[in-house]
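Visitor: I have a model open here and would like to talk through it with you. Could we begin with a strand pairing?

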Amino acid sequence: MPTNPPPSDDRPEGDRIAKLLARAGVASRREVERMIGEGRVAIDGLIVETPATFLTSLDGVSVDGKPVGKPAPTQMFAFHKPTGLITAERDPTDRATIYTALRNALPKGTPRLMPVGRLDVNTEGLLLLTNDGGLKREMELPSSKIPRTYRARTFGDVSQNQLEELMDGITIEGIHYGAIDANLERSTGRNQWVEMTITEGKNREVRRVLEHLGLQVSRLIRVAYGPFELGDLPRGAAAPIRKHDLEHFQAQLKSARQR
């Protein structure tokens, strides 16, 4: 049964219901909190009134009247997101979402997957998807410092020295971006490819930094997220991350937390 937060500073037993439901792959924590606000989550038939509900298990919990099963083993997929798709489950303006493409890209029987981070509609490349809401959240946190690498096709003038100055971070219109590892790749006249590795993943970070340098971005591709790479995965296709690789990555995350 749920327990409300006590008046003392003692931590209640168990975890917040949103965390448990996210870990079970029901939805992200934020989405679960919204579902609770809409009265869609219940315990033994009683509507959950607050996300600050602590449980030791999901026994008796239901969403939209359907019992929530035990968390499935963590899975992760790599998806080569094309341009023109938004990273969302639904769009009020009826634009195509990643789930439109994933219906055909994922094997039958795949559990509900949530995107790790986002790629805007005009950005393509590697998008990781997992059924583990806790892992998703940890991978998105700036404090986890997981590197994300992009390649940008740009037009304009920029030098390697200018790009190397980004290692000191940069502030644009009041927003500070931390260290960015940027390198000038091949160029033809004023057209060039720039590779950038970031660890914060702020909204439109790569585009804003390049535009601040006076460059026009005509194509942006995410090629890596942590140890996982896009490689030669075809556009619009998805492939499972090998169990060994996923477990090794999770062990690294756990070790980093404990340091």
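Guide: Let us start with strand 13 (residues 181-188), which pairs with strand 14 in the antiparallel sense over six bridges. Two strands are said to pair if DSSP finds at least two bridges between them, and helices (H or I, at least four residues) and strands (E, at least two) are DSSP runs numbered from the N terminus. This is a predicted model, in which local features need pLDDT of at least 70 and side-chain atom pairs count only at pLDDT 80 or more, while totals for chains, interfaces and linings use all residues. Residues are numbered from 1 along each chain as its sequence is written, and side-chain values use heavy atoms, with hydrogens and water left out.

Visitor: Which residue of strand 14 is the bridge partner of S187?

Guide: That partner is Q192. The two strands form a hairpin with two residues between them, and G189 in the turn has a positive phi of about 65°.

Visitor: Is E173 buried or exposed?

Guide: E173 is exposed, with a relative accessible area of 81%, and K145 also counts as exposed, at 62% relative accessibility. Here buried means under 20% relative accessible area and exposed over 50%, with partly exposed in between (1.4 Å probe, protein chains only).

Visitor: Changing topic, how many residues are in the largest nonpolar core?

Guide: The largest nonpolar core has 33 residues, and those with the most contacts inside it are I98, L166, I180, M196, V209 and L210. The elements that give two or more residues to this core include strand 7 (76-81), helix 3 (98-105), strand 14 (191-198) and helix 6 (205-212), and its largest share, four residues, comes from helix 3. Such a core is a set of buried Ala, Val, Leu, Ile, Met, Phe, Trp, Tyr and Cys residues joined through side-chain atoms within 4.5 Å. Apart from it lies another core, of 18 residues, among them V116, L128, L230 and F249.

Visitor: And what is L166 in contact with?

Guide: Leaving aside its neighbours within four places in sequence, L166 is in contact (heavy atoms within 4.5 Å) with G178, A179, I180, A182, M196, V209 and L213.

Visitor: What about K81, which is buried: where is the nearest side chain of opposite charge?

Guide: That side chain belongs to D120, 6.0 Å away, and K81 has no salt bridge, a term for a side-chain nitrogen of Lys or Arg within 4 Å of a carboxyl oxygen of Asp or Glu. For charge, Lys and Arg count as positive and Asp and Glu as negative, while His and the chain ends are not counted. The side chain of K81, a residue of strand 7, does reach the backbone oxygen of D120 at 3.2 Å.

Visitor: One last thing, what is the strand order in the open sheet of four strands?

Guide: The order is 3-2-5-6, with antiparallel pairing. Strand 3 (46-47) and strand 6 (66-67) stand at the edges with a single partner strand each, so one side of each is left without a neighbour in the sheet. Two bridges join strand 5 (residues 61-63) to strand 6, where P67 is the bridge partner of S62.

Technical notes: A polar contact is a pair of N or O atoms within 3.5 Å; within protein, one must be able to donate a hydrogen and the other to accept it, and residues adjacent in sequence count only if both atoms are side-chain atoms.
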